[in-house]
Amino acid sequence: MVEELVTAGVALASAGAVYVMAAARVVKQYERGVVLRLGRLTSAVREPGFTMIVPLVDRMRKVNMQIVTMPVPAQEGITHDNVTVRVDAVVYFKVVDAADAVVKVEDYRFAVSQVAQTSLRSIIGKSDLDDLLSNREKLNQGLEVMIDSPALGWGVQIDRVEIKDVSLPETMKRSMARQAEATRDRRARVINADAELQASKKLAEAAQAMSDQPAALQLRLLQTVVAVAAEKNSTLVLPFPVELLRFLERSGLEAQARTEAYERSGGDVRTGAGSRTDVVARTDAGAGPEDAVADAGDGQPSSDTRHLRRPLEELPEAEQLP
């Protein structure tokens with residue numbers, strides 16, 4: 001009798017141990033347990049720690065509640081300004097409702113991946129190339145909203161979305177490099193022009209100050225000579241005052257004007273206003289006596305020599321020379 005009781009106790013203890021081993025479950029801190037009893041979802045989600053289920057009746061599925069980092073495969077598309085680009089991104093998400101993640105979607109990871117790829121291609125088509133390169137923060141926010149809208153129904157929350165890289169064709173890279181170089185060249189020219197404008201204003205003020213004190217110009221000339229001589233050059237360049245050049249130019253113009261006036265007067269020499277004018281009789285080479293003229297005090301030919309101005313063939317026979 002005792003042996004039977006011992007055997008029954010051992011059998012009962014073995015059965016209890018087997019039941020406990022079959023029903024015992026351990027849920028980790030970053031997990032939640034979703035129990036399906038005869039295919040129906042129980043109301044309570046098992047918290048971290050030790051828990052028990054009914055063997056052969058309950059099925060418990062553990063859901064990871066940690067933030068998941070999922071890379072989005074590179075998507076090739078055409079931007080709003082007709083540029084072909086290849087963009088890849090990364091999505092950070094986590095499960096906020098373990099029951100919905102198990103019941104409402106077959107595989108929430110695969111679903112989030114497909115939504116992320118579709119949203120990335122959509123955001124590429126709606127954006128310009130400049131936005132993809134320089135305004136990524138705004139695009140990341142828009143992409144996060146597009147992925148988060150359907151994911152909320154699956155018990156998943158999108159934590160963050162980042163565009164990793166934007167690949168451009170080589171021709172577009174060269175065009176952008178030329179554009180950037182031209183922009184920098186334009187800025188350099190504007191800066192140089194601004195510097196020239198400021199320098200010209202300062203030089204104008206210096207010239208105004210020097211015009212009040214003529215000795216300042218001479219001092220400036222001497223300072224320039226000293227600065228050039230300090231270079232130990234074999235050739236010394238001496239600046240020439242501009243005022244002296246203008247004086248020489250005016251003198252040359254006045255001399256040229258006098259020469260032209262003298263040539264237009266035909267060699268006449270006037271002694272002054274109210275004085276008697278003496279006209280020199282000229283005889284050109286090869287000319288006859290008909291070209292000789294002697295003027296009186298009033299500048300007109302005298303009556304006895306006036307006939308010499310006419311040709312010989314027009315004179316009367318009595319007046320012709322033998």
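Q: Which elements each supply at least two residues of the nonpolar patch?
A: That would be α1 (2-23) and β4 (49-52). Helices here are DSSP runs of H or I with at least four residues, strands are runs of E with at least two, and both are numbered from the N terminus. This is a predicted model, where local features need pLDDT of at least 70, side-chain atom pairs count only at pLDDT 80 or more, and totals for chains, interfaces and linings use all residues. Residues are numbered from 1 along each chain as its sequence is written, and side-chain values use heavy atoms, with hydrogens and water left out.

Q: What makes up the nonpolar surface patch?
A: Y19, V20, V26, F50, M52 and V54 do, covering about 540 Å². To join a patch, a residue needs over 30% relative accessible area and no salt bridge; nonpolar side chains (Val, Leu, Ile, Met, Phe, Trp, Tyr) are linked within 5 Å, like charges within 9 Å. The areas come from the Shrake-Rupley method with a 1.4 Å probe, and for residues only the protein chains shown count as cover.

Q: Why is M52 called partly exposed?
A: M52 sits in strand β4 and has a relative accessibility of 33%. Buried means under 20%, exposed over 50%, and partly exposed is what lies in between (1.4 Å probe, protein chains only). So M52 counts as partly exposed.

Q: How many helices and strands does the chain have, and what share of its residues is buried?
A: There are eight helices and eight strands, and buried residues make up 21% of the 322 residues.

Q: What span does helix α3 reach, and what is expected?
A: Helix α3 (residues 108-126) has 19 residues and reaches 27 Å from first C-alpha to last, close to the 27 Å expected at 1.5 Å a residue. The expected span is 1.5 Å times one less than the number of residues.

Q: What sits at the start of α3?
A: A side-chain oxygen of D107 comes within 3.3 Å of the backbone nitrogen of R109 there.

Q: Which residues of α3 are buried, and what covers them?
A: The buried ones are Y108, A111, V112, S113, V115, A116, Q117, S119, L120, I123 and I124. Their cover includes β5 (58-64), β6 (68-78), β7 (84-95), α2 (98-103), α5 (136-151) and β8 (156-167).

Q: Why does V112 count as buried?
A: V112, in helix α3, has a relative accessible area of 1%, so it is buried. Leaving aside neighbours within four places in sequence, V112 is in contact (heavy atoms within 4.5 Å) with M70, F93, W154, V156 and I158. The C-alpha atoms of V112 and D148, 36 residues apart along the chain, are separated by 9.0 Å.

Q: Why does Q117 get the label buried?
A: The relative accessibility of Q117 is 18%, so Q117 counts as buried. Not counting residues up to four places away in sequence, Q117 touches V72, P73 and Q75.

Q: What makes E76 and R86 a salt bridge?
A: Their side chains meet at 3.6 Å, N to O. The rule asks for a side-chain nitrogen of Lys or Arg within 4 Å of a carboxyl oxygen of Asp or Glu, so the pair qualifies. E76 lies in strand β6 and R86 in strand β7, so the bridge ties together parts 10 residues apart in sequence. Both residues are partly exposed: E76 has a relative accessible area of 45%, and R86 has 41%.

Q: How many salt bridges does the rule give, and what is the distance in the one between R160 and E162?
A: The count comes to eight. For R160 and E162, the closest N and O atoms are 2.5 Å apart. R160 counts as partly exposed, at 39% relative accessibility.

Q: What separates R189 from D185 in helix α6?
A: About one helical turn, because R189 and D185 are four residues apart in α6 (residues 170-212). Their side chains meet in a salt bridge at 3.7 Å, N to O. R189 counts as exposed at 59% relative accessibility, whereas D185 is partly exposed at 38%.

Q: What makes the phi of L56 and of N82 worth a look?
A: Most residues other than glycine have a negative phi. L56 is not a glycine, yet its phi is positive, about 65°; N82 is also a residue other than glycine, with a positive phi near 60°. L56 lies in the loop between β4 and β5, and N82 in the loop between β6 and β7. L56 is exposed, with a relative accessible area of 79%, and N82 counts as exposed at 67%.

Key: A polar contact is a pair of N or O atoms within 3.5 Å; within protein, one must be able to donate a hydrogen and the other to accept it, and residues adjacent in sequence count only if both atoms are side-chain atoms.
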